[in-house]
Amino acid sequence: MNYVLTKDWSEILKSRFSSEYKHKLFSWLENEYASHTVYPPKEKIFNALNFVPLQNVKVVIIGQDPYHIKGQADGLAFSCHNGTPQPSLKNIFKEISTDLNIQMSDSTDLTAWAKQGVILLNTSLTVIEHLPASHSNELWHTFTREIVKILNEQNSPIVFMLWGNHAKSFIPLLNNPNHLILTASHPSPFSAHSGFFGCKHFSKCNDFLISKGLTPINWQI
């Protein structure tokens with residue numbers, strides 16, 4: 001197996017999942033990668049966690065599943081490996097530019113955000129080529145719900161950006177008053193004009209972090 005999960009997160013998750021669950025998840029993944037073209041590459045599945053040690057988490061953005069086109073998925077929600085911006089990411093950049101009055105570059109790699117403490121977590125961490133939501137199942141949903149529960153338990157303030165009904169479904173797991181929950185419509189072209197544009201989540205996030213004595217996120221790419 002080529003799955004990569006940092007020692008930090010491996011230790012945290014060790015006691016959160018049963019041996020039966022872990023066996024089911026990894027056996028299923030092995031079969032899926034052997035039977036189909038699956039994205040992202042195995043070694044990038046857990047990138048959303050691997051870039052951000054738990055003690056460094058400042059922001060959590062929840063997506064749905066990875067891009068299903070070759071060369072795009074890199075393990076970070078909304079991030080695009082090959083530099084071809086997808087519609088939702090374009091709209092995210094538009095909102096950042098308007099909200100913070102900054103010019104965004106042509107890069108679509110969001111690793112810089114992750115390295116500042118932004119977890120870009122898809123609910124399903126893998127997908128079959130050309131079949132969106134093909135791995136949207138209880139195995140992955142169990143995993144990501146547990147991650148959100150762990151994040152909710154942290155005392156250090158965290159901003160949760162929940163865009164669209166899918167991401168908002170995690171609200172019942174978030175009951176820690178130390179954190180800030182920001183909600184809006186999804187940034188896709190179908191819904192961005194229904195509440196995502198103008199939500200000012202990025203300035204609100206930074207204002208909150210500053211108010212808690214934390215360094216704000218540099219959202220400029």
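Modeller: Terms first: buried means under 20% relative accessible area, exposed over 50%, and partly exposed in between (1.4 Å probe, protein chains only). Lys 14 is partly exposed, at 49%. This is a predicted model: local features need pLDDT of at least 70, side-chain atom pairs count only at pLDDT 80 or more, and totals for chains, interfaces and linings use all residues. Residues are numbered from 1 along each chain as its sequence is written, and side-chain values use heavy atoms, with hydrogens and water left out.

Colleague: How many salt bridges does the structure hold?

Modeller: Six. A salt bridge here is a side-chain nitrogen of Lys or Arg within 4 Å of a carboxyl oxygen of Asp or Glu.

Colleague: Which side chain does Lys 14 meet in a salt bridge?

Modeller: That of Glu 11, at 3.2 Å, N to O. Glu 11 is partly exposed, at 45%.

Colleague: And what about Arg 16, which side chain does it meet?

Modeller: Glu 146, at 2.8 Å, N to O. Glu 146 sits in helix α6 (residues 138-152) and Arg 16 in the loop between α1 and α2 (19-35), so the pair ties together parts 130 residues apart in sequence. Helices (H or I, at least four residues) are DSSP runs, numbered from the N terminus.

Colleague: Is Glu 146 buried or exposed?

Modeller: Buried, at 14%. Arg 16 is partly exposed, at 27%.

Colleague: What about Glu 138, which residue is its salt-bridge partner?

Modeller: Arg 145, with the closest N and O atoms 2.3 Å apart. Elsewhere, salt bridges with shared partners join Arg 16, Glu 146 and Glu 153 into one network.

Terms used. Helices (H or I, at least four residues) and strands (E, at least two) are DSSP runs, numbered from the N terminus.
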